[in-house]
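Please look at the sequence and the model, then read on.

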Amino acid sequence: MIGVGVIGYGYWGPNLVRNFFEAPGCEVRAVCDSSESRLAAARSRLPGIDTTTDAAELIQRDDVDLIVIATPVSSHHPLALSAIGQGKHVLVEKPMASSVAQAQEMIERAREAGVLLMVDHTFVFTGAVEKMRELIASGALGDIYYYDSVRVNLGLLQHDVDVLWDLAVHDLSIMTHVTGRTPVAVSATGAAHVPGRPEDVAFMSLLFDDTMIAHVHVNWLAPVKVRRTLVGGSKRMIVYDDLEPSEKIKVYDSGITVQDPGVEDLREILVSYRTGDMVAPKLSMHEGLRKEAEHVLACVRGDERPLVPGEAGLDVVRILAAASASVARGGSPVQL
């Protein structure tokens, strides 16, 4: 039986606790949070569970094998290093760290200690993202032309991170996973509209080593909630709408066909438009976080290899850090 300890019982922590509590082959031994009222809520939902306000106390417990960290980003690095130092496996919320250097140190320490370091990129485990990855890997879309995502809503404004680190982290984790690619340069702009708070609206463009391009729009000040991604390929195109109750993925047999008559005048090149059928493939309806919890436990047992290891989290942190640098420079591209 794998013992699990969860640090952080705020916004996301209760979801992690619930899924590990219900997952077979493990036992949530303790929950830690700095708020006594949150711990009281944990005890009311899970009678008999141990709670503490001292993270070090939880990490040092002999009956805990896996530490799950769901705290503010600034605390991920010290908590993860403390857990790794005690020989614990670690699952850390996204983004995994506040800087590239911190993420790299976490990976190196875990490797030296011989423990697993995994990152909570939950969307990777959803049926919709699994289908996107499958379609792209199979070549069904052809060459990927672009990846365009919008993630906006009204709130929740954060104190410790800007909208890129809070919302774009989701889209970057999905993009790098389904395409298997990371950009070579990043350009980003953003603006803060609340005094004393970080940027609440931002736009990010990502350039790759070929003609593929990606764009991410994130916004805490939108009147509506939108979670939509378009992936365009030379053969087919995908529309992924996470707010759709059933048909989250739609595949369109649409695009362009270029006919070169073999003349020198490029104006003679003919472009025809193709509009074919739309297919909504059947998706697995499992809860992404439940599948992630079961996968993490399987990795701890040695039955599976981590789908989102620390290196995957580092890729996302590296992009976010470059985006922040670009915002500070007024949108100038930053090489990766």
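## The second largest pocket

A pocket, as the word is used here, is an open set of grid points where a 1.4 Å probe fits, with protein on both sides within 12 Å along at least five of seven lines, and a lining residue has an atom within 4 Å of a point. The model described here is predicted. Its second largest pocket holds about 210 Å³ of space. Of the 15 lining residues, T176, H177, L307, A312 and D315 are the closest to the centre of this pocket.

Which elements give two or more residues to the lining of the second largest pocket? They are α7 and α9, the latter spanning 310-328. The largest share comes from α9, which supplies four residues. By type, the lining of the second largest pocket divides into six nonpolar, six polar and three charged residues.

## Nonpolar cores

The largest nonpolar core of the model has 76 residues. Those with the most contacts inside this core are M96, Y147, L164, M204, L206, I238 and Y240. Helix α7 gives the most to the core, with 10 residues. There is also a second, separate core of 26 residues, and F20, L66, A70 and M118 are among its members.

Y147, one of the residues with the most contacts inside the largest core, can be followed in more detail. Leaving aside neighbours within four places in sequence, Y147 is in contact with M132, D171, I174, M175, V178, M212, I213, A214, H215, T229, L230 and V231.

## Two cis peptide bonds

The peptide bond from K94 to P95 is cis, with omega near -15°. P95 sits in the loop that runs between β5 (89-93) and α5 (100-113).

Another cis peptide bond joins G155 and L156, where omega is about -5°. In this case L156 belongs to the loop between β7 (144-154) and α7 (163-179).

A280 is placed in the loop between β14 (270-279) and α8 (288-301). Is A280 buried, partly exposed or exposed? Its relative accessible area is 31%, and the partly exposed class lies between the buried limit of 20% and the exposed limit of 50%, so A280 counts as partly exposed.

Not counting residues up to four places away in sequence, A280 touches E247 and I249. Between the C-alpha atoms of A280 and L320 the separation is 32 Å, and these two residues are 40 residues apart along the chain.

How values were computed:
Residues are numbered from 1 along each chain as its sequence is written. This is a predicted model: local features need pLDDT of at least 70, side-chain atom pairs count only at pLDDT 80 or more; totals for chains, interfaces and linings use all residues. Side-chain values use heavy atoms; hydrogens and water are left out. A nonpolar core is a set of buried Ala, Val, Leu, Ile, Met, Phe, Trp, Tyr and Cys residues joined through side-chain atoms within 4.5 Å. Buried means under 20% relative accessible area, exposed over 50%, partly exposed in between (1.4 Å probe, protein chains only). Contact means heavy atoms within 4.5 Å. On a 1 Å grid over the protein atoms alone, a cavity is a set of points where a 1.4 Å probe fits but cannot get out, and a pocket is an open set with protein on both sides within 12 Å along at least five of seven lines; lining residues have an atom within 4 Å of a point. Grid points are joined across faces, edges and corners, and a volume is the space filled by probe spheres set on the points. Ala, Val, Leu, Ile, Met, Phe, Trp, Tyr, Cys and Pro count as nonpolar, Asp, Glu, Lys and Arg as charged, and the others, Gly among them, as polar.
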